[in-house]
Amino acid sequence: MARFEVRDDFYLNGEPFKILSGTIHYFRIHPDDWYHSLYNLKALGFNTVETYVPWNMHEQREGEFDFSDILDLERFLQLAQDLGLYAIVRPSPFICAEWEFGGLPAWLLEKKMRIRSSDPAFLEALRHYYAVLLPKLLPYQLDNGGNILMMQIENEYGSYGEDKAYLRALRDLMVEAGVTCPLFTSDGPWRATLRAGTLIEEDILVTGNFGSKGAYNFSQMQTFFEEHGKKWPLMCMEFWDGWFNRWKEPIITREPEELAEAVREVLELGSINLYMFHGGTNFGFMNGCSARGTIDLPQVTSYDYDALLNEQGNPTPKYFAVQQMMKEHFPDYPTCEPLLKESMELAAIPLVAKVSLFDTLESLSETIKTNYPKKIEELGQYYGYHLYRTHAEWDADEEKIRIIDGRDRMQLFVDGNFVSTQYQTEIGEDIFVAAEQKKEHRIDILMENMGRVNYGHKLLADTQRKGIRTGVCKDLHFLLDWEQYPLELKTINQVDFSKDWRENQPAFYAFDVKLEALYDAYLDLTGFGKGLAFVNGVNIGRFWKVGPTLSLYIPHGLLKKGDNRIVIFETEGEYRETIHFVKKPIYQKIKGENL
């Protein structure tokens with residue numbers, strides 16, 4: 001039976017073992033491509049794969065668990081083991097990861113609890129989740145014949161809290177469930193975060209997260225170890241080899257040769273996990289947000305991360321630079337040629353149908369009638385869009401309308417005519433609408449949840465509850481009698497394309513294409529405004545003309561031989577009569593960017 005130990009070094013079956021790991025998030029990559037990514041990790045000369053486990057995907061609704069398809073963690077671990085890769089699994093309730101709400105399920109927002117704390121209500125919710133998750137991991141522990149070397153208790157908790165009772169409770173939940181592999185925490189490498197976020201006094205391994213200055217950061221960790229009388233191996237659990245991107249901001253890149261040298265510096269002193277090895281895609285509504293003052297800055301759909309593999313999983317110049325470094329400085333770790341996938345291009349896929357959201361609304365969502373508008377979470381909705389509708393009589397030729405306290409993005413329509421768009425800090429400003437007085441008019445407000453923050457104190461902020469959170473004023477008074485339409489758009493089969501389409505309204509656009517061979521592609525969304533794209537019914541993510549990305553990645557596993565349908569939900573009234581598949585992602589030049 002294989003045995004992994006943490007002493008003065010990492011030991012595998014009694015022999016010193018250097019962990020050469022790369023992060024691959026199974027939930028960001030189509031299952032048909034898992035083997036491709038894992039093989040390329042092995043070909044780099046690495047021996048371990050690391051992954052987070054997103055609670056909000058496995059339990060999107062309380063008590064309803066999903067470990068199928070892209071969420072089949074067991075299959076992912078088995079594929080890794082079949083390739084001879086060990087695994088590090090991070091099943092902590094919070095993952096950050098530039099992922100919606102840091103991986104916490106949004107239904108927690110409607111509970112009376114303090115998340116990421118020793119609050120019994122939070123721990124009880126976590127206990128129910130772990131009762132389902134952990135038994136799936138136990139057989140894959142090394143001492144049970146699997147490939148899991150270690151598991152994480154919490155993630156960068158020292159950048160959030162110092163509730164040691166919480167950390168101990170997480171450890172106890174894992175141990176009571178049968179976890180026998182070594183446990184660890186990961187934090188920033190400076191003393192404040194290490195002191196707050198670790199259980200070093202109780203012999204739980206401490207690892208660090210950083211992306212440069214390996215010798216310096218390891219020295220800080222070493223000092224902390226010595227302060228507590230520990231002789232432990234040094235490991236960077238997240239060595240940031242690239243970075244994520246936000247809407248309206250330049251793409252962030254890093255030079256391959258500089259990265260390779262920085263990785264070498266870490267490996268000379270300890271072990272490493274490259275974050276990310278393969279970034280993948282924030283499919284659906286799963287992009288996170290950066291917390292910045294009074295606003296949240298949503299991240300783009302692509303999680304390319306400027307990683308060693310690009311979004312579709314093919315090697316980048318970084319990959320080959322690091323692989324060459326491995327050959328020169330660490331020749332005991334064998335490398336080989338990586339796998340490459342093909343992409344396809346296809347021009348002028350025709351528009352075959354279109355319909356306005358307002359005209360197909362009844363087929364997409366059931367009406368919920370309330371006196372005042374409610375937050376979406378209060379109605380059991382956690383992601384996507386939400387339409388608020390009421391009718392009001394105009395008392396003057398021009399009325400003032402204000403949305404009081406809403407998140408994240410609002411579009412106002414009166415009698416189906418577009419009036420105004422507001423985003424976060426603009427919401428609440430006066431909107432003046434001219435219309436015939438002494439006549440009743442229909443008011444529609446489309447709210448978009450653009451993603452919740454994925455780290456920091458704002459995880460606890462009321463701003464993470466979405467929709468209209470107080471009410472809507474006309475003149476100086478709140479309006480009543482609202483019809484609410486949740487639009488989580490989990491399926492779009494109910495879109496009724498036999499209904500009417502109207503200019504300058506949110507709408508659905510259907511494009512049909514026959515395929516004889518299946519390859520990856522990027523959907524060119526140049527000419528569209530803002531919205532989502534669906535491939536054969538699967539939501540592949542958000543797009544927005546502000547850039548920096550103007551395309552969405554389509555894994556070949558979502559396509560099928562024969563008939564395929566692409567549906568685009570677009571909210572700005574901007575569309576094209578044809579769409580195109582292209583071989584490479586399309587970027588929009590943003591000032592300060594070097595593409």
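1. Helices and strands in this note are DSSP runs, of at least four residues (H or I) for a helix and at least two (E) for a strand, numbered from the N terminus. On that basis Pro-548 sits in the loop between strand 28 (538-544) and strand 29 (551-554), and the peptide bond that joins Gly-547 to Pro-548 is cis, with omega about 15°. The model under discussion is a predicted one.

2. Overall make-up. The protein chain contains 10 helices and 31 strands. Its radius of gyration is 25 Å, close to the 25 Å that the globule rule gives for 595 residues, so the chain is as compact as a globular protein of that length. Taken along the principal axes, the C-alpha atoms fill a box of roughly 85 × 55 × 45 Å. Of the 595 residues, 61% count as buried, and the accessible surface comes to about 22,300 Å², with 49% of that belonging to carbon and sulfur atoms. Among contacts between residues at least 6 apart in sequence, 80% join residues at least 24 apart.

3. As a detail of the pairing, strand 6 (residues 86-90) and strand 7 (residues 148-155) run parallel and are joined by three bridges, and Ile-88 has Met-150 as its bridge partner in strand 7.

4. Leaving out residues up to four places away in sequence, the contacts of Thr-48 include Phe-17, Leu-41, Ile-88 and Leu-149.

5. The annotated active site. UniProt gives the annotation "active site" (unreviewed entry) to Glu-156 and Glu-238. These residues span 83 residues in sequence, yet no two of their C-alpha atoms are more than 10.5 Å apart, so they gather at one spot. Glu-238 lies in strand 10 (residues 235-240) and is buried at 5% relative accessibility; apart from residues up to four places away in sequence, Glu-238 touches Tyr-52, Arg-90, Asn-155, Glu-156, Gly-208, Asn-209, Phe-210, Asn-273 and Tyr-275.

6. Glu-156 deserves a separate look. This residue is placed in the loop between strand 7 and helix 5 (164-177), and with a relative accessible area of 18% Glu-156 is buried. Beyond its neighbours within four places in sequence, Glu-156 is in contact with Arg-116, Ser-186, Asp-187, Asn-209, Glu-238 and Trp-240.

7. Backbone points to check. Most residues other than glycine have a negative phi, and most peptide bonds are trans. Glu-156, although not a glycine, has a positive phi of about 50°, and Lys-248, likewise a residue other than glycine, has a positive phi near 75°. Lys-248 is found in the loop between strand 10 and helix 8 (256-269) and counts as exposed, at 51% relative accessibility. Tyr-275 and Met-276 are joined by a cis peptide bond with omega about 0°, and Met-276 belongs to strand 11 (residues 271-278).

8. A hairpin. Strand 12 and strand 13 form a hairpin with two residues between them, and Gly-293 in the turn has a positive phi of about 60°. Strand 12 (residues 289-292) runs antiparallel to strand 13 and is joined to it by four bridges, with Ile-295 of strand 13 as the bridge partner of Arg-292. Which residues of strand 13 (residues 295-298) make up its covered face? They are Asp-296 and Pro-298, whereas Ile-295 and Leu-297 make up the uncovered face.

Note on methods. Residues numbered from 1 in each chain as written. Predicted model: local features only at pLDDT ≥ 70, side-chain atom pairs only at ≥ 80, totals over all residues. Heavy atoms only, no water. Contact = heavy atoms within 4.5 Å. Pairing = 2+ DSSP bridges. Rg over C-alpha atoms; globule rule 2.2 N^0.38 Å. Buried < 20%, exposed > 50% of the residue type's maximum accessible area, 1.4 Å probe, protein only. Areas by Shrake-Rupley, 256 points an atom, 1.4 Å probe, with all protein chains shown as cover. UniProt positions renumbered as here; feature names shortened; annotations may be inferred.
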